[in-house]
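New page in the notebook. I wanted to look up what packs against what here, and jot it down as I went.

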Amino acid sequence: MLESSLVKYGEKVVSCSRGNPCSVIFDWDSIWAFSKSCENFNPMSLRFFHTHPHGSVNYSTIDENCLKGWTISFNFPVLFYIISFINSDLENFEYQYSAYTIENGKMVSHRYSPQLRSTDLAMLKSISCAYEER
Ligand SMILES: [Zn+2]
């Protein structure tokens, strides 16, 4: 499985990309351009999702640095999800997740963050698995 990312603003898909087995790619330029193009942009509606391929939903140093950067850029503790699918079967959407924000410069876990929508899970899973070598 590859890492994949999805950025949503409310129900709108802002960005969706595929990384490689150990790093994720967020299309920062388009996310930033989108935020600038919105009238009355509200960072509270922004959600960052990405998948980890190997069962771990712990954050990496890169994840932490990305989230710190976005928190500063948007001047708001944006919500960041790490999702790990149980297997690479495209019909099975069982997953684990963790969710974080930055508060006072530190990663804070959000246990009771909203559950993921099935459409978002399907998008992330197909990006992560569809191009995998079998
Ligand atoms: Zn990560």
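I started at isoleucine 83: leaving out residues up to four places away in sequence, it touches Phe49, Thr51, Tyr95, Tyr97, Leu116 and Leu124. Touching here means that the C-beta atoms, placed from the backbone, lie within 7 Å.

Before going on, I noted that this is a predicted model, where local features need pLDDT of at least 70, side-chain atom pairs count only at pLDDT 80 or more, and totals for chains, interfaces and linings use all residues. Residues are numbered from 1 along each chain as its sequence is written.

Confidence came next (pLDDT is the predictor's confidence in each residue, from 0 to 100). The protein chain averages 88, and 93% of the residues score at least 70. H3 has the lowest confidence, with a mean of 88, and strand E6 (residues 106-109) the highest, at 96. Helices (H or I, at least four residues) and strands (E, at least two) are DSSP runs, numbered from the N terminus.

Back to the packing. The largest nonpolar core has 21 residues, and Val7, Phe48, Phe49, Phe80, Tyr81, Ile83 and Leu124 touch the most other members. Such a core is a set of buried Ala, Val, Leu, Ile, Met, Phe, Trp, Tyr and Cys residues joined through C-beta atoms within 7 Å. Two or more residues each come from E1, E3, helix H2 (61-74), E4, E5 and H3. E4 gives the largest share, five residues.

Then I followed Leu124 into H3. I found Leu121, Leu124, Lys125, Ile127 and Ser128 buried there. Buried means 20 or more other C-beta atoms within 10 Å of a residue's own, exposed 12 or fewer, and partly exposed in between, with C-beta atoms placed from the backbone.

What do the buried residues of H3 pack against? I got strands E1 (4-9), E2 (12-18), E3 (46-51), E4 (79-85) and E5 (95-103).

Last stop was E1 and E2, which run antiparallel and are joined by six bridges. Strands pair if DSSP finds at least two bridges between them. Serine 4 has arginine 18 in E2 as its bridge partner. The two strands form a hairpin with two residues between them, and glycine 10 in the turn has a positive phi of about 60°.

Key: Two residues are in contact if their C-beta atoms, placed from the backbone, lie within 7 Å.
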